[in-house]
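Open the structure in your viewer and keep the selection tool at hand. This tour goes stop by stop: what to select, then what is there.

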Amino acid sequence: MKINKKVIFTVLVTISAFYVNGQDHRFAQKNPDKPEATEFWDPEVRVIIPGTIPSDAFVLFDGKNLDQWESTTDGSVAKWKLEDGAMTVASGAGGISTKKQFGDFQLHIEWRSPMEGDDKKSQGKGNSGIFLQGMYEVQVLNSYQNRTYRNGQAGSIYKQTAPMVNVTSKMGEWNVYDIIYNAPKFTVNGGVEVPPYVTVLHNGVIVQNHTAIQGITNYIGQPTNPVHGKGPIHLQNHGNLVSYRNIWIRDI
Ligand code: MG
């Protein structure tokens, strides 16, 4: 039998027009009262394996080496101290950044304030920071019985939005941040079309709830909004010997 390609093409186009997002729209239109009319089956949701590290996560630091990191200053080898499954700020070594660049992501990161005396206080105690796309700082600070400005304490979007609560662990104990981040979108004229948004869980407690980031988290002056694409995760060297461990990220 001779196959008419035109007929086959027409049939395929017709089927695909009705079958969108795994749902037969023709069936749905004819049977709006059936439960199946609002059931979507395809494509099947991707299966991953849960656990301490989800199976599709990219490991940025597992305690073995700093291979995924480089000096923020000049791109040379990251020189933070590696010890007991953690990496610690090293004096004079500057900040470090991931070699990989990210857009929207889920980041898991654990941090620990060093044991410091009463001579250190406010922003001078256990200060570091996690810069999303290298620009927007989620503050890391020893905020356990250490007052500072509220939009500069642990879990703040630095100098912008204070955390909802202070759930910082005791000095010398580990903290966990789980950060969900959506990158900004810019107009062709360089304006902000959609700001970056961030949600932060600190030790399992929500401290930033889909917070709009106003721009670069400057130390002095208002937030600024340069157009940018993907960027690294940058860890700040603020001179305090803060440690990090168990860092993984998932593109979302
Ligand atoms: Mg900081």
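Which residues coordinate the magnesium ion? Select Asn 127, Ser 128, Glu 137, Gln 139 and Gln 236 to see them. The donor atoms are OD1 of Asn 127, O of Ser 128, OE of Glu 137, OE1 of Gln 139 and OE1 of Gln 236, at 2.2 to 2.3 Å. A donor here is an N, O or S atom within 2.8 Å of the metal (3.2 Å for Na, K and Ca); water is not among the atoms, so sites may look incomplete.

Before moving on, two notes on the model. It is predicted: local features need pLDDT of at least 70, side-chain atom pairs count only at pLDDT 80 or more, and totals for chains, interfaces and linings use all residues. Residues are numbered from 1 along each chain as its sequence is written, and side-chain values use heavy atoms, with hydrogens and water left out.

**Stop 1**

Along the chain, its donors are spaced N-S-x8-E-x1-Q-x96-Q. Now pick Asn 127 and Gln 236. Asn 127 sits in the loop between strand S8 (105-112) and strand S9 (128-132), and Gln 236 in the loop between strand S16 (234-235) and strand S17 (243-251), so the pair ties together parts that are 109 residues apart in sequence. Helices (H or I, at least four residues) and strands (E, at least two) are DSSP runs, numbered from the N terminus.

Are these two residues buried or exposed? Asn 127 is buried, at 2% relative accessibility. Gln 236 is buried as well, with 16%. Buried means under 20% relative accessible area, exposed over 50%, and partly exposed in between (1.4 Å probe, protein chains only).

**Stop 2: the open sheet**

Next, colour strands S4, S7, S16, S9 and S10. These five strands form an open sheet in the order S4-S7-S16-S9-S10, with antiparallel pairing. Find the edges: strand S4 (69-71) and strand S10 (136-140) each pair on one side only. Two strands pair if DSSP finds at least two bridges between them.

Zoom in on S9 and S16. They pair in the antiparallel sense over two bridges. Select Phe 131, then His 234 in S16: they are bridge partners.

**Stop 3: aromatic rings**

Show the rings. The structure holds six aromatic pairs. Rings of Phe, Tyr and Trp (its six-membered ring) pair if their centres lie within 6.5 Å; planes under 30 degrees apart count as stacked, over 60 as edge-to-face and the rest as tilted.

Start with Phe 102 and Phe 105. Their ring centres are 6.3 Å apart and their planes stand at 70°, so the pair is edge-to-face. Phe 102 is buried at 2%, and Phe 105 is buried at 0%.

Then select Tyr 149 and Tyr 158. This pair is tilted, with 6.2 Å centre to centre and 50° between the planes. Tyr 149 is partly exposed at 30%, whereas Tyr 158 is buried at 6%.

Finish with a cluster. Phe 102, Phe 105, Tyr 136 and Tyr 181 are linked by ring pairs.

**Stop 4: salt bridges**

How many salt bridges does the whole structure hold? The search finds six. A salt bridge is a side-chain nitrogen of Lys or Arg within 4 Å of a carboxyl oxygen of Asp or Glu.

Select Arg 250 and Asp 56. Their closest N and O atoms are 2.7 Å apart. Arg 250 lies in strand S17 and Asp 56 in the loop between helix H2 (25-30) and strand S3 (58-61), so the pair ties together parts that are 194 residues apart in sequence. Arg 250 is buried at 15%; Asp 56 is partly exposed at 26%.

Go on to Asp 62 and Lys 64. Their side chains meet in a salt bridge at 3.5 Å, N to O. Asp 62 is partly exposed at 39%, and Lys 64 is exposed at 62%.

Now try Lys 81 and Glu 83. The closest N and O atoms of this salt bridge are 3.6 Å apart. Lys 81 is partly exposed at 46%, as is Glu 83 at 45%.
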